[in-house]
Amino acid sequence: MSRLIVVSNRVNPPTGKGDESVGGLAMALAAALREYSGIWFGWSGKTTTEFTGQLNMQKADGVTVATVDLEEGDYQEYYNGYANKTLWPLFHYRVDLTAYDRSFGEGYDRVNRRFAQTLLPLIEPDDIIWVHDYHLIPMARELRRLGVTNRIGFFLHIPWPAHQLVVTLPRHRPLVEALFHYDLVGFQTEESVQAFEGYVFNEVGGERTEDGRLTAFGQVTRAAAFPIGIDAEDFARIKESPRATRVYDRLMAHSVFRKMVVGVDRLDYSKGLEERLIGFERFLHDNPQARREVMLLQIAPISRDEVEAYQDLRGRLDGLIGRINGAYADMDYNPIRYLNRSYRRDELAGVYRASKAALVTPLRDGMNLVAKEYVASQTPYDPGVLILSRFAGAARQMKEALIINPNSPEEISDALTRALNMDIDERRRRFESLMDNVTRQDVTAWRDDFVAQLREPTPTPALTRQD
Ligand code: ADP
Ligand code: G6P
């Protein structure tokens, strides 16, 4: 069988010690590569004064991890710049936070070129290459320029936005053209596929081929939805682990007369953290009897803290939490417990299980794996209730959650009231249906589906192009 080469900016094989960086991509890829003795290539997380292209190779759990350092200027323009100040906000519908500096785009192209050159010597003729996320859209074009003819697929972990947002990018055409150098382009949801096709058909006059692929820029590719999942089997194991049980017991002992609601997110403006807190404040305001009884545990590790929008958000959250706790706390009660740190996965499983409800309220999210982890951590005897934003990709699959609009404090407050008063039969019914989905559409199914479709031989463009 051919080898799989996975390429992503963030390369973070879990060590099992809980020191891996957080984020859906790293979690999913670590799980996805587990059964392939492939290569995982990307950024080392370190910067140097000058780019050397020196590969650092390590073997972890049968996977060869190959990383390269970034030059400081590249890191600023490519990672902090184009990836996190341009594409991330724009693709999450935050035009107000999007920076359009030309130098960011140049740095982005340069790093993609450098990554392609560094990866080239590792590629063997039968390898299939799978590139991930918005940092690396031009990777296939750069590899093709270097003569790579292997099958190359791309998966976008974040939403693909509406046509009218994409065209606010000064160089939107080359960005989209870059995707046509892949054999297969995967998105999280059908909605993203349709938004991508909307751009292709309406902006550049692309067409659909008879076999369902897309043609534009004189090239052909295939676009489809592959909703990502969690490693459900691994979660089933860790939720029974001694450490998960210890955390669960400890939290339960501290909340004998209290009900805990949980939120777990990177500290990111796409996650709707402010809206969640305001919704929780509304809940406390509307339900005086809940004031000493219900508490929110919000775990939010700092993310991308060199980017101003993230620093600003952090400041606003500190203020908001201070205000709510100031207004509703008592000598032995704090409505919000707020933690800016990461936890081991087994500890998180214990936290999820001890929580009567989870608030997953992103304003936009490609998928949201926390929603799936929360469900996977529950027990059928006494499952908690998932409150989920309609703007998370996960809402398309997790229909038995309480689906809310996170922009409405009233909807958040009402959903909390409903969740905390839901009878056991309804909770079980919802849990069983959600759990079925989390188990069936897990990370293994996602990987196998994508890789199988990427392997599929496709007719030559000359036979399919409609010209
Ligand atoms: P994103 O990829 O945008 O961060 P997801 O919800 O898809 O959002 O994935 C987040 C991942 O990061 C999940 O696997 C979650 O468990 C993990 N994570 C988030 N916060 C923490 C934390 N404080 N400690 C450990 N892992 C965390
Ligand atoms: C999201 C993105 C990933 C990214 C992760 C963490 O999941 O889709 O590509 O790795 O956030 O962000 P970071 O900037 O720390 O890699």
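These entries record what I looked up in the predicted model.

**Conventions.** I number residues from 1 along each chain as its sequence is written, and I letter chains from A and number ligands from 1 in the order in which they are written. For local features I need pLDDT of at least 70 and for side-chain atom pairs pLDDT 80 or more, while totals for chains, interfaces and linings use all residues.

**Overall form.** I found 17 helices and 17 strands in the chain (DSSP runs, H or I of at least four residues and E of at least two, numbered from the N terminus). The radius of gyration, over C-alpha atoms, is 23 Å, close to the 23 Å of the globule rule for 467 residues, so the chain is as compact as a globular protein of that length. The rule is 2.2 Å times the number of residues to the power 0.38.

Leaving aside neighbours within four places in sequence, I listed the contacts of Ala371 (C-beta atoms within 7 Å), among them Val360, Leu386 and Met398.

I traced an open, antiparallel sheet of three strands in the order 8-9-10 (strands pair if DSSP finds at least two bridges between them). Strand 8 (207-208) and strand 10 (219-221) are its edges. Three bridges join strand 9 (residues 214-216) to strand 10, and Thr215 stands opposite Val220.

Terms used
Two residues are in contact if their C-beta atoms, placed from the backbone, lie within 7 Å.
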